[in-house]
Amino acid sequence: MGNQLIKAVRSNDVAKVRSLLEEKVSEDGRQACHALVNGADGESGCTPLHAAADCAECAAAFDDPAFDVSSSIPALLLSAGADMNPTDADGLTPLVLAVRRNHVSLCRFLIANGATFGADSDGSGSSKSLPFSDYEATE
């Protein structure tokens with residue numbers, strides 16, 4: 001089911017993502033759903049949140065002022081227990097992927113919900129050494 005979830009995320013299929021999460025909760029409980037949303041895809045180490053951060057369609061919705069963010073794939077994953085700061089096989093967090101794709105509004109959402117750029121040399125996970133100050137969460 002993990003590969004199905006990542007595939008649904010990559011294709012921006014909100015209904016399928018919601019269905020897979022609800023199915024997992026009803027069949028196996030909340031902890032199993034938590035494991036599903038944090039499961040990594042093979043050797044890449046990509047989680048569903050990594051896939052969402054890399055998906056142009058997932059990110060584009062955040063730029064529409066009329067869009068209900070709570071119905072977005074990243075919000076669904078977060079409400080299902082997604083870790084905001086997993087690292088993939090290359091050591092990248094979802095936030096770093098979103099920054100690389102210039103998904104500014106999605107970056108703001110991730111930061112507002114606890115995402116970091118990953119551990120820097122002092123292990124703090126701060127962004128002080130990275131040129132991404134434009135992505136700080138704003139109200």
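In which helix of the chain is confidence lowest, and in which is it highest? Good morning, colleagues. The model before us is predicted, and the answer is that the mean pLDDT is lowest in helix α3, residues 30–37, at 83, and highest in helix α4, residues 48–54, at 95. The chain as a whole averages a pLDDT of 83, and 83% of the residues score at least 70. Over residues 120–133, however, the pLDDT is below 50. Beyond near neighbours in sequence, that stretch has 15 contacts in the model. Where pLDDT is low, the predicted coordinates should not be read in detail.

I turn now to the salt bridges, of which the whole structure has two. In one of them, Asp41 pairs with Arg10, and their closest N and O atoms are 3.9 Å apart. Asp41 sits in the loop between α3 and α4, while Arg10 belongs to helix α1, residues 2–10, so this pair links parts of the chain 31 residues apart. Arg10 is partly exposed, at 45% relative accessible area.

Asp54 forms a salt bridge with Arg101, with 2.6 Å between the closest N and O atoms. Because Asp54 lies in helix α4 and Arg101 in the loop between α7 and α8, the pair ties together parts 47 residues apart in sequence. Both ends are partly exposed: Asp54 has a relative accessible area of 32%, and Arg101 one of 49%.

Finally, the cysteines. The structure holds zero disulfides. For Cys58, the nearest cysteine sulfur is that of Cys55, 3.3 Å away; a disulfide would need the two sulfur atoms within 2.5 Å. Cys58 is buried, at 3% relative accessibility, and Cys107 is buried at 0%.

Note on methods. Residues are numbered from 1 along each chain as its sequence is written. This is a predicted model: local features need pLDDT of at least 70, side-chain atom pairs count only at pLDDT 80 or more; totals for chains, interfaces and linings use all residues. Side-chain values use heavy atoms; hydrogens and water are left out. pLDDT is the predictor's confidence in each residue, from 0 to 100. Helices (H or I, at least four residues) and strands (E, at least two) are DSSP runs, numbered from the N terminus. Contact means heavy atoms within 4.5 Å. Buried means under 20% relative accessible area, exposed over 50%, partly exposed in between (1.4 Å probe, protein chains only). A salt bridge is a side-chain nitrogen of Lys or Arg within 4 Å of a carboxyl oxygen of Asp or Glu.
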